[in-house]
Amino acid sequence: MSQRKFQRAQQKATKTTEPTQAAADHQPSIQALVWYKEDHWDTLKEMFADGHMLPLSYQDWLTRAEAMKTEIETAGDAVIKVFIDPETFPEWCEQKGLPLNSEARSQLAIEVAQAQSFSI
């Protein structure tokens with residue numbers, strides 16, 4: 001789980017039904033989510049060092065990802081989908097000296113979001 005996802009989960013766990021000052025002071029941000037194309041799913045799962053930890057089917061993953069996206073947008077943040085490509089991701093990881101795992105996927109998403117945030 002990425003640091004952002006962990007922080008979001010902690011925030012969600014501590015929310016109450018009453019509005020708080022923190023909610024009133026919320027500054028919208030851009031959240032980068034790792035995203036996959038269905039036709040890449042099986043290839044990527046085999047390629048990733050932690051592929052066995054992903055849902056078995058693309059549809060299961062998509063259901064969870066869409067729920068997370070909706071939750072983030074409901075909180076007032078924007079979402080950027082960062083697609084992981086099976087042809088370019090291994091090369092990117094090699095250049096960065098990273099294993100093909102969730103941390104590398106999260107790092108790529110963060111880098112893409114930072115680059116795009118300057119052009120939005």
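In which helix does lysine 69 lie? Lysine 69 lies in helix H4, and I shall return to that residue once the overall arrangement has been described. Please note at the outset that the model before us is a predicted one.

Let me begin with the architecture. The protein chain contains six helices and two strands. Followed along the sequence, these elements come in the pattern α-α-β-α-α-β-α-α. The chain has 120 residues, and 33% of them count as buried. If we consider contacts with a separation of 6 or more, residues 24 or more positions apart account for 66% of them. As for the surface, the chain exposes about 8100 Å², and carbon and sulfur atoms supply 53% of that area.

I turn now to the two strands. E1 and E2 pair in the parallel sense, over six bridges. Within this pairing, glutamine 31 stands opposite valine 79 in E2. Strand E1 is mostly covered, with five of its six residues buried.

Next, the interior. In soluble globular proteins, nonpolar side chains tend to be buried together. The largest nonpolar core in this model has 26 residues, and those touching the most other members are Tyr36, Phe48, Trp61, Ile84 and Phe89. Two or more residues come from each of these elements: strand E1 (30–35), helix H3 (41–47), helix H4 (58–74), strand E2 (78–83), H5 and helix H6 (102–117). Helix H4 gives the most to this core, with five residues.

Which residues does phenylalanine 48 touch, leaving aside those up to four places away in sequence? The list is Tyr36, Leu54, Ile84, Phe89, Leu100 and Arg105.

Arginine 105 is found in helix H6. Is this arginine buried or exposed? Its relative accessible area is 5%, so arginine 105 is buried. Its side chain and that of tyrosine 36 are joined by a polar contact of 3.0 Å. With residues up to four places away in sequence set aside, arginine 105 touches Val34, Tyr36, Phe48, Asp50, Leu54, Ile84, Phe89 and Leu100. Among these neighbours, Tyr36, Phe48, Ile84 and Phe89 were also named among the core members that touch the most others.

Phe89 brings us to helix H5, which spans residues 89–96 and in which Phe89, Trp92 and Cys93 are buried. Why do these three residues fall on the same side of H5? They do so because they cover an arc of only 100° around the axis. Glu94 and Gln95, on the other side of H5, are exposed. Just after H5 comes glycine 97, which takes a positive phi of about 70°.

I now return, as promised, to lysine 69 in helix H4. Lysine 69 has a relative accessible area of 17% and is therefore buried. Its contacts, not counting residues up to four places away in sequence, are with Leu33, Trp35, Val79 and Lys81.

Consider aspartate 39, in the loop between E1 and H3. With a relative accessible area of 64%, aspartate 39 is exposed. The C-alpha atoms of aspartate 39 and tyrosine 58 are separated by 9.1 Å, and the two residues are 19 residues apart along the chain.

The other two residues are in helix H6. Valine 112 has its place in that helix, and with a relative accessible area of 23% it is partly exposed. How many residues apart along the chain are valine 112 and alanine 32? They are 80 residues apart along the chain, while their C-alpha atoms are separated by 7.8 Å. Isoleucine 110, also found in helix H6, counts as partly exposed at 29% relative accessibility. Isoleucine 110 and valine 82 are 28 residues apart along the chain, and a distance of 8.9 Å separates their C-alpha atoms.

Arginine 105 is buried and makes a side-chain polar contact with tyrosine 36. Thank you for your attention.

Definitions and conventions:
Residues numbered from 1 in each chain as written. Heavy atoms only, no water. Helix = DSSP H or I, 4+ residues; strand = E, 2+ residues; numbered from the N terminus. Buried < 20%, exposed > 50% of the residue type's maximum accessible area, 1.4 Å probe, protein only. Contact = heavy atoms within 4.5 Å. Areas by Shrake-Rupley, 256 points an atom, 1.4 Å probe, with all protein chains shown as cover. Arc of directions from axis to C-beta. Core = buried A, V, L, I, M, F, W, Y, C linked by side-chain atoms within 4.5 Å. Polar contact = N/O pair within 3.5 Å; in protein donor to acceptor, adjacent residues only side chain to side chain. Pairing = 2+ DSSP bridges.
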